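This report concerns a ligand site and a strand arrangement. The model is shown below.

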Amino acid sequence: MTTQQNLTRIQLSINDEQRTVDVEPRWLLSDVLRHELGLTGTHVGCEQGVCGACTVLVNGQPQRSCLMFAVSAQGSEIRTIEAATPVEGLSPLQAAFEKHHALQCGFCTPAMVLTAEALLKMNPNPTEQEVRVALSGNICRCTGYQFIVDAVLEAAEAYRRVSSTTQREGQ
Amino acid sequence: MKPVAFDYYRPENLADAVQVLQSSPQAKILAGGQSLIPMMNFRLMRPETLLDITGLTELDYVERTDRGLRIGALTRHQNLHMSKLVHEHFPVLAEAAGEIGHWAIRNRGTLGGSLTHADPASELPAAMVALHADIEIASSDGTRTVPAEEFFLGFLTTDLGPNELVTGIEVPVSDTSQFGFSEFARRPGDFALAGAFVELHGTDRGAVTWFGVSGGPERRETRFPQNRQEREAVFIDLTQTFDPLDEPEYKRRLAVTVAEDAYQNAAGRLD
Ligand SMILES: Cc1cc2nc3c(=O)[nH]c(=O)nc-3n(C[C@H](O)[C@H](O)[C@H](O)COP(=O)(O)OP(=O)(O)OC[C@H]3O[C@@H](n4cnc5c(N)ncnc54)[C@H](O)[C@@H]3O)c2cc1C
Ligand code: FES
Ligand code: FES
């Protein structure tokens, strides 16, 4: 029984697919992803930017989907956890998360995986400290972080292999 | 909770943006949204009209000028942190930008938003005061420039008028000063409990600009004695001149500590 007003048509590339959605300007990107597009892998904890659960990649960079109106994302490329698994099976990061028990309840996991993915694309050779700093905006109430850090450091190996063939731009 | 409904404008250029501000001066500017949207989500703010300036790509730049560096209001904190020009000329500004919130927050929050929001614990307003920046402002009446020290008027308060917009800043390059920076936060990503920029002019003169210790940036010109204990005594005296919003004794102690760290940092750059 929501009363809708001022619907605005926006276009987004979501997980490499062009999507057209009618949104109210006041709708958060997190809610549009979950409620309009059914992409419920994006979790919502605090709606104030603190917990990190809603983090998605906007034009390749981690951003809080709870602190962005979907209208403002017009024309952006959004990547959510639904795109993280290649057709062949788990991504190196996902496989490392599984191997290292880097998740328990899984609430923080989609955002952890996406943030780690963005980090490793930018820097496939991070130190443990760099991993911790990159993930410091993602709160996990279960794992104690160590296993997540271990998983990311192990998965970095796979990213180094890719980047040694496709030479990345230095920071 | 979710934000209340609002009218939404997303101009593509500055001329259109100032036009909207003139016809609806009650319109609230939306930049990175990292301060405004949390308040809207909790309905602490209920703007009727939102002017989304993220389409004004003309305000996203870092450039060298005759005087120093000009930086556009829409420069994201992360880009400020990573900018080669900023690293080269104002390493403390790059360092301070890297301490703002978390990576995901820095990827969206903007320089103009941070300056206008003027949270007393923010790094960038104090950085502007410490570095003698000028704030560039536009409205339908034209443009004006205000020294940072006159722009910040106190807790969440600036000199900005309702139909005005911050377009950028200019920081003069100095050959004679060295700067240092330090802050203390409980966890990485938290707002600082206290922070300081030190400007060293020669070896023993300069200024300290604190943040997080009162309603806004606090700049004090001072002498820096070579002896550590004497220097600390100077810092202790200076910290008596401002009024912490909470836990005054603790804040003043922290203020002394971060000032000393920032001083060491600046002194390390002297040679
Ligand atoms: C979890 C979390 C942690 C944070 N930690 C820190 C921290 O440690 N240090 C810190 O400094 N900040 C921190 N922030 C705030 C962050 O820096 C914001 O990016 C910043 O305060 C506001 O910038 P914005 O671009 O997001 O502005 P918005 O939220 O879009 O706007 C903020 C205010 O400025 C006005 N405004 C924006 N741009 C302009 C302009 N160009 N001209 C005129 N008015 C304008 C808006 O109308 C609004 O009133 C944190 C935020 C979060 C969510
Ligand atoms: S829900 Fe967005 S950061 Fe917590
Ligand atoms: S696995 Fe439960 S919050 Fe991280």
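The sections below treat the basis of the model, the ligand shell and the sheet.

## Basis

The model is predicted: local features need pLDDT of at least 70, side-chain atom pairs count only at pLDDT 80 or more, and totals for chains, interfaces and linings use all residues. Residues are numbered from 1 along each chain as written, chains are lettered from A and ligands numbered from 1 in written order, and side-chain values use heavy atoms, without hydrogens and water.

## Ligand 1

Ligand 1 lies between chains A and B. Its shell holds 34 residues (a heavy atom within 4 Å), divided into 13 nonpolar, 17 polar (Gly among them) and four charged (Asp, Glu, Lys and Arg). H7(B) supplies the largest share, five residues; helices here are DSSP runs (H or I) of at least four residues, and strands (E) of at least two.

Polar contacts are pairs of N or O atoms within 3.5 Å. A polar side-chain atom of B:Lys28 lies 2.9 Å from a ligand 1 oxygen, and a polar backbone atom of B:Gly32 is 2.8 Å from an oxygen of ligand 1. The protein buries 95% of the 960 Å² that ligand 1 exposes alone (Shrake-Rupley method, 1.4 Å probe).

## Sheet of chain B

Five strands of chain B form an open antiparallel sheet, ordered E4-E5-E10-E6-E7; strands pair if DSSP finds at least two bridges between them. Strands E4 (62-64) and E7 (142-147) of chain B each have a single partner strand, so one side of each lacks a neighbour in the sheet.

Strands E5 (residues 68-72) and E10 (residues 165-172) of chain B pair over five bridges, and B:Gly68 has B:Pro172 in E10(B) as its bridge partner. E10 of chain B also supplies at least two residues of the shell around ligand 1.

How values were computed: Polar contact = N/O pair within 3.5 Å; in protein donor to acceptor, adjacent residues only side chain to side chain.
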